Amino acid sequence: MKERVVILGGGPQAREVIDVFEQAAIYRIAGIVANEPPEGGALYGHPYLGADAILPELLQQGVDHAFVAIGNNRARLDLMEKLRGMGFKLPNAISPRSYVSPHASLGQGVVIMHGVVVGVSVDLGDGVILNHRTAVAHDARLERGAHIAASIICGRTVIGEGTNVWPGSTVGLGVKVGKWATIGAGSLVMRDVEDGATVVGLPARKLKIVESGE
């Protein structure tokens with residue numbers, strides 16, 4: 001019998017994650033936990049179970065796997081820590097239509113969506129999101145909570161904790177992007193990016209700095 005997993009979140013990210021879990025067919029989705037019920041009371045036929053207060057009851061019922069399907073990087077990491085403290089296991093959601101090298105290393109609570117390629121010796125931290133058509137090349141390191149959307153991450157690159165890389169971007173060979181930075185859509189990043197910076201353009205240029213985790 002397949003182990004059951006509860007999905008935390010009720011928005012677009014949750015719908016994408018449900019699709020990956022359904023296609024992978026490794027876990028059975030027990031239902032949805034979110035602050036508010038989705039329209040119609042279910043997502044793709046998976047029932048709304050309640051808000052976070054129901055989590056201890058789910059554990060008692062033997063539902064001890066949980067996946068945080070929230071796009072906000074800080075909120076996702078915070079909720080993952082809460083779940084760990086409660087005793088939940090945090091599986092990965094990996095599309096069967098992706099390629100993940102057996103020589104890559106994955107943390108917990110990682111989602112790898114359809115069409116993603118993860119190369120050799122890549123290190124993905126906890127709670128990383130790799131959206132559709134992302135490619136991560138050899139020896140790259142993506143720290144926990146990074147979110148990469150339809151972009152190319154070249155070899156030996158470092159993407160810092162909580163950083164967003166928006167669609168159509170390329171981060172060049174060996175570039176180091178700091179924590180809680182933002183790479184604007186369609187950018188070409190060929191120089192290191194400091195913590196909290198927002199960069200955009202061809203080549204990417206800095207727009208501003210924000211406080212870590214803002």
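Tutor: Start with a definition: buried means under 20% relative accessible area, exposed over 50%, and partly exposed in between, with a 1.4 Å probe and protein chains only. The model is predicted, so local features need pLDDT of at least 70, side-chain atom pairs count only at pLDDT 80 or more, and totals for chains, interfaces and linings use all residues. Residues are numbered from 1 along each chain as its sequence is written, and side-chain values use heavy atoms, with hydrogens and water left out.

Student: How many helices and strands does the secondary structure come to?
Tutor: Helices (H or I, at least four residues) and strands (E, at least two) are DSSP runs, numbered from the N terminus. The chain comes to three helices and 24 strands.

Student: Why does the chain count as compact as a globular protein of that length?
Tutor: The radius of gyration is taken over C-alpha atoms, and the globule rule is 2.2 Å times the number of residues to the power 0.38. For 214 residues the rule gives 17 Å, so the chain is as compact as such a globular protein because its own radius of gyration is close to that, at 17 Å.

Student: What share of the 214 residues counts as buried?
Tutor: The cut-off is the one given above. The C-alpha atoms fill a box of roughly 50 × 35 × 30 Å along the principal axes. Of the 214 residues, the buried share is 48%.

Student: How many aromatic pairs are there?
Tutor: Rings of Phe, Tyr and Trp (its six-membered ring) pair if their centres lie within 6.5 Å; planes under 30 degrees apart count as stacked, over 60 as edge-to-face and the rest as tilted. By this rule the count is two.

Student: Which residue forms an aromatic pair with Phe-21 at 5.5 Å?
Tutor: The planes are 80° apart, which is edge-to-face. Phe-21 sits in helix α1 (residues 12-24), and its partner is 46 residues away in strand β5 (residues 65-68). Both are buried. The partner is Phe-67.

Student: What is the bridge partner of Val-171 in β22?
Tutor: Two bridges join strand β19 (residues 170-171) to β22, and the two run parallel. The partner of Val-171 is Val-189.

Student: How many residues of domain 2 are in contact with domain 1?
Tutor: The bounds, from an automatic or database domain assignment, are 4-90 for domain 1 and 92-201 for domain 2. Their C-alpha centres lie 23 Å apart. Contact means heavy atoms within 4.5 Å. On the domain 1 side 19 residues take part; on the domain 2 side, 26.

Student: Is Ala-146 buried or exposed?
Tutor: Ala-146 lies in the loop between β14 (141-142) and β15 (147-148). Not counting residues up to four places away in sequence, Ala-146 touches several residues, including Arg-76, Ile-129 and Thr-163. Its relative accessibility is 0%, so Ala-146 counts as buried.

Terms used
Pairing = 2+ DSSP bridges.
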